[in-house]
Amino acid sequence: MTTVVTRRRAPEPPVRPGRRRRVASAALKAERRAGLLMASPALLVFTLFMFIPLALTFWYSLQRYSGFGRMRFIGLDNYAAIINDATFWTASLNTLLYTALTVPIGIVCGLSAALLLNRWMPARGLFRALFYVPVVISGVASGIIFLRLFDPIVGILNQMLTTIGLPAIDWQGNGTWALVSIILVSTWQGIGFGMVVYLAALQGIPREVYEAGTVDGAVGWKRFIHITWPLLRPTTFFLVVYSIIGSFQVFDVVYVLTRGGPGTSTTFLVQYAYDQGFNQRRQGYAAAIGVIIYLVVLVFTVLQWRFSKSRDDA
Amino acid sequence: MSQLDRRTFLLSTGLIGATAALAACSGGSETPTSTGGAPAVSTGKLSGTVTLTTWGSDQEVAAFKKIAADFTAARGAQVKIEVLPYDQIRTVVDRRLQANQAPDLFRVSYTDVTGYAANGVLADLSDHIDSSFGQQFFPGLWAAMQYDGAPIGVPHHTDTSALVYNKAHFAKAGITSVPDSLESAWTWEELVGVLGKLKTANPGVSPFAFNYQLFGAYRWFNTLFQAGGTVLDPSMKNVTLDTEQAKKALTWTQSLYTQGLHAPSVLVKRPTYPDEIFPTQKISMIQAGDFLVPSLDGAIAKKFEWGVTYLPHDKASATDLGGNAVVVTEGSPNKDAAIEFAKFLVTKENMQYFCEKTTVLPVRNDLADAKLAFDVKPDLMPVFQKQATTMPEALVKTSTLPSFPGINQALVDNMDQFLSNPSATVDSVVGGLTTAIQKALQV
């Protein structure tokens, strides 16, 4: 998580002409050594669990491999196959649609929760904790809980709907409603995180700004539009990019709730890659899909990094 | 005389099965290596521990454990039975094979065996069995256990599907009799009539559901073959779904959904299994395998009476090749004991015990005519036994191809969009299935 803090460079050591470089290098060298030492455990973990698997994924994407047995080098054939694969494009479109729907809903819900829980009320801490609990529950566990709730035949949701006279919804047989069920569960999972980030940002807005605004007549809704929302813009941008990156990687909820069905209406990119790699035993193909997901997410990550960097240096 | 018919039928598919095995032996690059120079260990004490990784109902697991205990008492080596959920076992075993931590033995369906054998991960049993070993089993299924001329596992049992129905719902619908012989099985039209009556008499309950979910997707081929269609041509190289019969089978299945006769949320891609819903009385009749009889009995208990009848027929009767084999992995650290345990599982005594406890069907010739004392609902088993005689030869052959998992997946990926969408055209699903199966055949 980034914090909105401007960094200042450490003051330069006193300079004497001629001796400048040597003094600087001795101190800097020691600092560098200490820095490397401190960072090495984390670097080791990252190398083992991120950089090496990343490199291996690139390598696998150029092979034909069933998971065990022989590996065959086939160059860029997997990528060519992906371009011609209709299911891949369906999965990409589904992922884009899912992202386009989930991100705004998540932002709005998170912000609403934060605004509601920013003012004092009894048991405010309890409410905040309750909103945050879904974030820490494992995605698989949430999926299994909602699998039972959404069951079209014995699920409690449909039973409640029919009791109040509405038609029962075919949560898993109908493509649109299956997508809705996944969006509902993801939103439920993500509200807490948005709420916490917005709460921190809201509490960073100085009271004087609000007081000055009240003098000028900015109260209620006007206050929100003209003061709160603009000041939350950096936080909103961070959350939008973070949510987009997260939405592109949705997997566990989908796998448990619908397995990508019915047909391909809830097949997303990561779930498609999993299916190809482990059920179809085409690990090279799955690795190629993984590389494409990686590149797309990388673009968004760089965007966010450059924006926050330019903000910090401004 | 049902068992005699079955025996003759299955022996006559032996030739077909042998041909299938030859077709399956598509020059694999890895020939399973035999165990070193050590002589075959068929008697005497064994040591160490072997693990059998399997899925199973409570009764199946208990039966495995009892046989494992008997093996330890007789031969000395410990056998650990590791139980995993059914829909995870394939990926778990795959990952363990990839990590070189494979279990010594694992249970696998006949449709999946060749996939593993083609990757060279199954042990060759030749050194541990004599030439007469394979002749104890149904020829078609023993042929399915061969790869590149070498035996790579033992056939353990077979299963098939029939119709399981709720007698209380039938009584409410005024249906007083169900077919009591293969010849008098319902036609498709008669079945639709029955389902219609069930729907009217039992509001809020779905009349029917098929058991073609996920790894069982190929059970839809029962409907295809009943309409007189086939999946592949006799050469097993070309897809034959663009036919009148196949389209009839597809449209008929879809019509069950659009007419509200099939449970709308029970499709192919989701793990919603009809046998889990049937005990709640929300579905009146399901197509189900014999191996589910003990768990159904446990879930239903005394809540309602239920029975079994024959699958419907159109141009022909047809049912699916079910059942599983047990294989030993090439990378097993205790291969001798593992292979001996596999052989122990399929002796006459142990196979009979397993089948009686779990209501599955034996695959030994000397048990084909035996009257088995099934533990649970023995009165229902004869229907399954007779139904098993209607397995089409072409379907058995297709089901044991090395590319069959891909064919199964083609159904998983293409059927739901057609079944759950009344406006989906049959040509689109035929096209989708044909492309996907053709792709699978080439792999």
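The C-alpha centres of domain 1 and domain 2 of chain B lie 29 Å apart in this predicted model. Domain 1 of chain B covers 2–159 + 322–370, and domain 2 of chain B covers 161–320 + 397–442. These bounds come from an automatic or database domain assignment. The contact between the two takes 21 residues from domain 1 of chain B and 19 residues from domain 2 of chain B. Two residues are in contact if their C-beta atoms, placed from the backbone, lie within 7 Å.

On the side of domain 1 of chain B that touches domain 2 of chain B, helix 1 (2–24) and helix 4 (110–118) of chain B are the elements that give two or more residues. Helix 4 of chain B gives the most, with six residues. Helices (H or I, at least four residues) and strands (E, at least two) are DSSP runs, numbered from the N terminus. By class, this side of domain 1 of chain B has nine nonpolar, nine polar and three charged residues. Ala, Val, Leu, Ile, Met, Phe, Trp, Tyr, Cys and Pro count as nonpolar; Asp, Glu, Lys and Arg count as charged; the others, Gly among them, count as polar.

Chain B also touches chain A. Here 25 residues of chain B are in contact with 22 residues of chain A. Helix 3 (89–98) and helix 17 (404–419) of chain B each supply at least two residues of the chain B side. That side of chain B holds seven nonpolar, 12 polar and six charged residues.

Chain B as a whole has 18 helices and 11 strands. Its C-alpha atoms fill a box of roughly 70 × 50 × 40 Å, taken along the principal axes. The radius of gyration of chain B is 22 Å, which agrees with the value near 22 Å for a compact globule of 443 residues. This radius is taken over C-alpha atoms, and the globule rule is 2.2 Å times the number of residues to the power 0.38. Among contacts in chain B between residues at least 6 apart in sequence, 80% join residues at least 24 apart.

Residues are numbered from 1 along each chain as its sequence is written, while chains are lettered from A and ligands numbered from 1 in the order in which they are written. In this predicted model, local features need pLDDT of at least 70 and side-chain atom pairs count only at pLDDT 80 or more, whereas totals for chains, interfaces and linings use all residues.
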